[in-house]
Amino acid sequence: MLIHRMATDAAARRAVRVLALLLVAIATPRAAVASDATDLYYPEDGPVRALADADFDALVAENGREAWVVAFHADGCVSCDDMAPHFAKAARTLSGIVRFAHVRAGEDSDASAIVRAAGLTKVPAILGFPAHKTVNPYTGAVAKQPEEYRNSTTSSKRIADFAASLLPNDAVRRVDARDAFLAALEPVDGERLPVSILVTSKKETGALHKSLALRFRNRARFVEIAAVDVQATAPELSVAEADAPAFFASRDADADDVARDAGAMAVAARREFLARAAASATLN
């Protein structure tokens, strides 16, 4: 009850802020309220986190298990104001799959080092930080190389597509034959890891499974089976083509030791299911 009341109160306060902002906008030049509008779409309890110099390394630069998308904006920037609701919508779409953040540029910003390192010449701007590091061919430094988003900043779909493109494409193995499925369950170099198995009707690996493979890298292996191939490839899963998507985890090389997760296909639920499988495998 308390949590519900707190959520309701927060929503009410946000609605009051929206109304106040609209009233101010009627009587004030738009540029004067742009920073307030941007702040409105990036609340502290929202899906877009504020980044500062002090936490950038731990959260982004040295984080090998999450991809980040960062929006750069400045006070009084009308285009930044236009970008904010679409960036926030993309963040909600990929919540738990790709992390979203924002950085305020300005002389008094607590993220001035991030802005300088990014080398930006204008705002608004969006940079994507994949989880992996690469070698800079000019300096030899090993670090994450940000990718600049070069599409519409007022299209939540295009921003979300860009964010999903930061996830690794080689972390999930798709199998379409029985021998390949059984081989995927076998230990690698004597190491026995749980195997995440997704039966899917999609032709390409989705962002959810990619993000799970990234988060559980070196703790689990990830396999996909097309729904049309599941009966021939893994009949012991006992899942019909029409039941896709279906999520399983195996703790052993024995194909019969496969547990199905009957929960919803949501990020948090999948993480919890895999965490249990990984912990169990470690204990064994």
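**Exercise 1.** Work out which strands helix α8 lies across, and at what angle it runs to β10.

*Solution.* Start with the helix: α8 covers residues 207–215 and lies across β8, β9 (195–200), β10 and β11 (246–250). Then take the angle, which is about 160° to β10. Axes here are lines fitted to C-alpha atoms (for helices, over the stretch in contact), with angles from 0 to 180 degrees between N-to-C directions. Helices (H or I, at least four residues) and strands (E, at least two) are DSSP runs, numbered from the N terminus.

A word on the model: it's predicted, so local features need pLDDT of at least 70 and side-chain atom pairs pLDDT 80 or more, while totals for chains, interfaces and linings use all residues. Residues count from 1 along each chain as its sequence is written, and side-chain values use heavy atoms, leaving out hydrogens and water.

**Exercise 2.** Decide whether serine 211 is buried or exposed, then list its contacts.

*Solution.* Next, its relative accessibility is 7%, so serine 211 is buried (under 20% relative accessible area; exposed is over 50%, partly exposed in between; 1.4 Å probe, protein chains only). Finally, skip neighbours within four places in sequence: serine 211 then touches Gly96, Ile97 and Leu167, where contact means heavy atoms within 4.5 Å.

**Exercise 3.** Find the strand order of the five-strand open sheet and its edges.

*Solution.* The order reads β8-β10-β9-β11-β12, with mixed pairing (a pair needs at least two DSSP bridges). The edges are β8 (172–175) and β12 (258–261), each pairing on one side only. β8 pairs with β10 (residues 221–226) in the parallel sense over four bridges.
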